Amino acid sequence: MVERTKAFLPPGMIADLKQASALKPKDYQYLSFATYIECLIFGMKENIGLPTLSMLPDEMQKSVRIALTRLENLSEDADKKIAVGALENLGTLNVFLGNESEAIVNFRRAVKLDPMRGQAWGMLIGLLWESASLDELRAAAESQLRASDSARSHIILSKVFAQKLSKWNEAAEQAQIASRQETNDVVPLLMQIAIALKQSSSTNYLFIAKTNMTKAAVILMKMPDGDERNDRWREFTSNTAIFCALASQPETAKKFANEILKNFPDDETAKEILKALN
């Protein structure tokens, strides 16, 4: 793996990036990318995966600390674009190095400087997903929505309502808004299907799920081949299997679950469906 990575990287790439960073002291991308690559290669060479700061040799630790300090200094730059970019890159490096609490601070500062910064919001909410209180996570998702009334923001809030708070009606409402904003995006429809299936004790919710499954299938058929389409088809097929099980069609449900396992042998949801039906 290390040799393949080295072969992929042009000779002297890290040195060139560091030199470019020195020549352009406000270019946070050169600086952070050189640091990331240097640490990545070390981790692969030592077979330790993603190294934390303490795992690095003394000289490399010193180099990384200098890079982090430079990014911290750039985060105070008078040019807001530079400051926000430096904070995003600083946060990403801190995640990579295992400093998640510092990364949360970095991304909070980034979205405070530029509330429209979607990447920083995504990283922040991703970090808060497992570590923050439910109130804090919901507040962050609602803050993102106030900053950017987009389908993505509504989907994130929908996921918070559904997966963290079990507030199904609120989750469905956010997914419906996202569908209206992005009519050709299958993700809001898949969210609505999953939410309706969770509420399936009422026959009406199965009808809602089926209606959205029909709409989702049309969009999926039009999607270009690739990982995104494969992931969405997998999610759609899983929901279809659950729908069939709830609609008293166990053999059809098994067929869909087995289809998932044929392509994704480790799919836990498909395994659970088959276990429940056997």
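This is a predicted model: local features need pLDDT of at least 70, side-chain atom pairs count only at pLDDT 80 or more; totals for chains, interfaces and linings use all residues.
Helix axes are here lines fitted to C-alpha atoms over the stretch in contact, and the angle between two of them runs from 0 to 180 degrees between N-to-C directions.

Consider helix 7 (residues 118-131) and helix 9 (residues 151-164), whose axes cross at roughly 5° and come within 12 Å of each other. Helix 7 is therefore roughly parallel to helix 9, since angles under 35 degrees are counted in that class. On the side of helix 7, the contact is formed by Gly 118, Gly 122, Ile 125, Trp 129 and Glu 130, while helix 9 contributes Arg 152, Ile 156, Lys 159, Val 160, Gln 163 and Lys 164. By residue class, this contact between helix 7 and helix 9 comprises 4 nonpolar, 3 polar and 4 charged residues.

A second pair is formed by helix 5 (residues 80-96) and helix 6 (residues 100-113), which pack at an angle of about 160° with their axes 8 Å apart. Because angles over 145 degrees count as roughly antiparallel, helix 5 and helix 6 are assigned that relation to each other. The crossing of helix 5 past helix 6 is left-handed. Helix 5 brings Lys 80, Ala 83, Val 84, Leu 87, Glu 88, Leu 90, Gly 91, Thr 92, Asn 94 and Val 95 to the contact, and helix 6 brings Glu 100, Glu 102, Ala 103, Asn 106, Phe 107, Arg 109, Ala 110 and Leu 113. The residues of this contact between helix 5 and helix 6 divide into 9 nonpolar, 4 polar and 5 charged.

Thr 35 belongs to helix 3, which covers residues 28-45. Its relative accessible area is 7%, so Thr 35 is classed as buried, the cut-off being under 20%. Leaving aside residues up to four places away in sequence, Thr 35 touches Val 64, Ala 67 and Leu 93. Of these partners, Leu 93 has a number that falls within the 80-96 range of helix 5.

These details belong to a chain with 15 helices and 0 strands. The C-alpha trace spans about 65 × 45 × 35 Å along its principal axes. Of the 278 residues in the chain, 44% are buried. The chain exposes about 15,500 Å², of which carbon and sulfur atoms supply 53%. Among contacts between residues at least 6 apart in sequence, 48% join residues at least 24 apart.

Terms used:
Residues are numbered from 1 along each chain as its sequence is written. Side-chain values use heavy atoms; hydrogens and water are left out. Helices (H or I, at least four residues) and strands (E, at least two) are DSSP runs, numbered from the N terminus. Buried means under 20% relative accessible area, exposed over 50%, partly exposed in between (1.4 Å probe, protein chains only). Contact means heavy atoms within 4.5 Å. Angles under 35 degrees count as roughly parallel, over 145 as roughly antiparallel, 65 to 115 as roughly perpendicular and the rest as oblique. A crossing is left-handed if the near helix is turned anticlockwise from the far one by less than a right angle, and right-handed if clockwise. Ala, Val, Leu, Ile, Met, Phe, Trp, Tyr, Cys and Pro count as nonpolar, Asp, Glu, Lys and Arg as charged, and the others, Gly among them, as polar. Accessible areas come from the Shrake-Rupley method with a 1.4 Å probe; for residues, only the protein chains shown count as cover.
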